[in-house]
Amino acid sequence: PLVTDTPLPFPELCARIHDRIRTFLDAKNVSDRIRNVQAQTRISLDVIGEALEQYRLPELSLSYNGGKDCLVLLILYLCALHKKGLAQIPNPSSNIETAVQCVYIQDAHPFPEVEEFVVRSSKIYSLALLEYAKPMKAAFADYLKDTPLVKAILVGTRRTDPHGEHLKHFDPTDSGWPAFVRIHPVIDWHYVDIWTFIRFLNIPYCSLYDLGYTSLGGTTDTHPNPKLVRQPSPPHAPQTCDTNGTLKSKFRPAYELVDDYEERLGRDR
Ligand code: ATP
């Protein structure tokens, strides 16, 4: 895997991620799918690079909930920090302990698997993560109060997400929202691009995705994606097991879905 549960010193972590992404970008004679993701990766790194030119580290944060899109965003951000020589800790020009400030807004009915992955990934990637258990608007208002230097927040929204259609790489929040600039480096990634990247780089991800969940909300409004239900085995057929001998889930893993517009079929709203 790209990383393990034993945290690396931050500069080493970022260098490792940078090296692996370099290898990914340099890969030749690849499929069209990989070539697309290489192109999207370059664009996203440019957008993050622009953000790092425009803002000092204490002014930047990342909206992180352990989901696949913000996970890709986080990995690209760490790569970009290395590239710009900003992956040093402590950073004398900032008052923060770690380079990656994050805001996590807990769902009213969180999945334990999501909570676990947020904690696990916070350790692996040395995230300075502040958690809020309230509606989005109020949570962001509190977050900005608690981190008054933050001016811009990286968000993993994609074009096919609700409200993603007209977003640009940099967008101020709409009126009525706490004021900050939203940065959308992965806005034009497709669902398959996200999984191609995660799997090519072997990035650990939340376990719910292996159980057929394709987009993560709370326990009351999120189900495995019906498009991923396994066809029932014929009667008397031997039961299929995973390589480790446990019974296979009734759903196929999230990375087997292809269509962007089917991603949210496991979400009630
Ligand atoms: P998935 O779609 O599989 O749940 P995801 O959570 O990364 O993956 P979205 O749910 O589409 O993606 O949300 C888009 C982005 O909005 C996230 O990548 C993240 O940056 C931000 N976001 C969404 N929900 C939260 C939350 N509860 N706390 C912090 N950031 C969030």
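**Exercise 1. The crossing of helix 1 and helix 2**

Determine the handedness of the crossing of helix 1 and helix 2 in this predicted model, and describe how the two helices pack.

*Solution.* 
Step 1. Helix 1 and helix 2 cross in a left-handed manner.
Step 2. The contact draws on Ile 21, Phe 24 and Leu 25 from helix 1, and on Gln 38, Thr 41 and Arg 42 from helix 2.
Step 3. Sorted by class, the residues of this contact are 3 nonpolar, 2 polar and 1 charged.
Step 4. The axes of helix 1 (residues 10-26) and helix 2 (residues 32-54) lie 9 Å apart, at an angle of about 130°.

**Exercise 2. Helix 1 against helix 3**

State how helix 1 is oriented relative to helix 3, and identify the residues that meet.

*Solution.* 
Step 1. The packing angle of helix 1 and helix 3 is about 105°, and their axes are 8 Å apart.
Step 2. This angle makes helix 1 roughly perpendicular to helix 3, since the range for that term is 65 to 115 degrees.
Step 3. On the side of helix 1, the residues are Leu 13, Cys 14, Ala 15, Ile 17, His 18 and Ile 21. They meet Ile 75, Leu 78, Cys 79, Leu 81, His 82 and Lys 83 of helix 3.
Step 4. This contact comprises 9 nonpolar, 2 polar and 1 charged residues.
Step 5. Ile 21 of helix 1 takes part in this contact and also in the contact with helix 2.

**Exercise 3. Helix 3 against helix 6**

Characterise the packing of helix 3 with helix 6 by angle, handedness and residue class.

*Solution.* 
Step 1. The axes of helix 3 and helix 6 (residues 191-200) cross at roughly 55° and come within 10 Å.
Step 2. Helix 3 is thus oblique to helix 6.
Step 3. Their crossing is left-handed.
Step 4. Lys 68, Asp 69 and Val 72 of helix 3 form the contact with Ile 194, Phe 197 and Ile 198 of helix 6.
Step 5. The class count is 4 nonpolar, no polar and 2 charged residues.

**Exercise 4. The ligand shell**

Describe the residues around the ligand and the elements that supply them.

*Solution.* 
Step 1. The ligand is surrounded by 16 residues, of which Asn 65, Gly 67, Asp 69, Cys 70 and Gly 156 are the closest.
Step 2. At least two residues of the shell come from helix 3 (68-83), and at least two from strand 2 (100-105).
Step 3. The shell divides into 7 nonpolar, 6 polar and 3 charged residues.
Step 4. Asp 69 belongs to the closest residues and also to the contact of helix 3 with helix 6.

**Exercise 5. Confidence**

State the confidence values that accompany the prediction.

*Solution.* 
Step 1. The protein chain has a mean pLDDT of 92, with 91% of its residues at 70 or more.
Step 2. For the complex, the predictor gives an ipTM of 0.98 and a pTM of 0.93.

Methods: Residues numbered from 1 in each chain as written. Predicted model: local features only at pLDDT ≥ 70, side-chain atom pairs only at ≥ 80, totals over all residues. Axes fitted to C-alpha atoms, helices over the stretch in contact; angles between N-to-C directions. Helix = DSSP H or I, 4+ residues; strand = E, 2+ residues; numbered from the N terminus. Left-handed = near helix turned anticlockwise from the far one by under 90°. Contact = placed C-beta atoms within 7 Å. Nonpolar A, V, L, I, M, F, W, Y, C, P; charged D, E, K, R; others polar. Near = placed C-beta within 6 Å. pLDDT = per-residue confidence, 0-100. Parallel < 35°, antiparallel > 145°, perpendicular 65-115°, else oblique.
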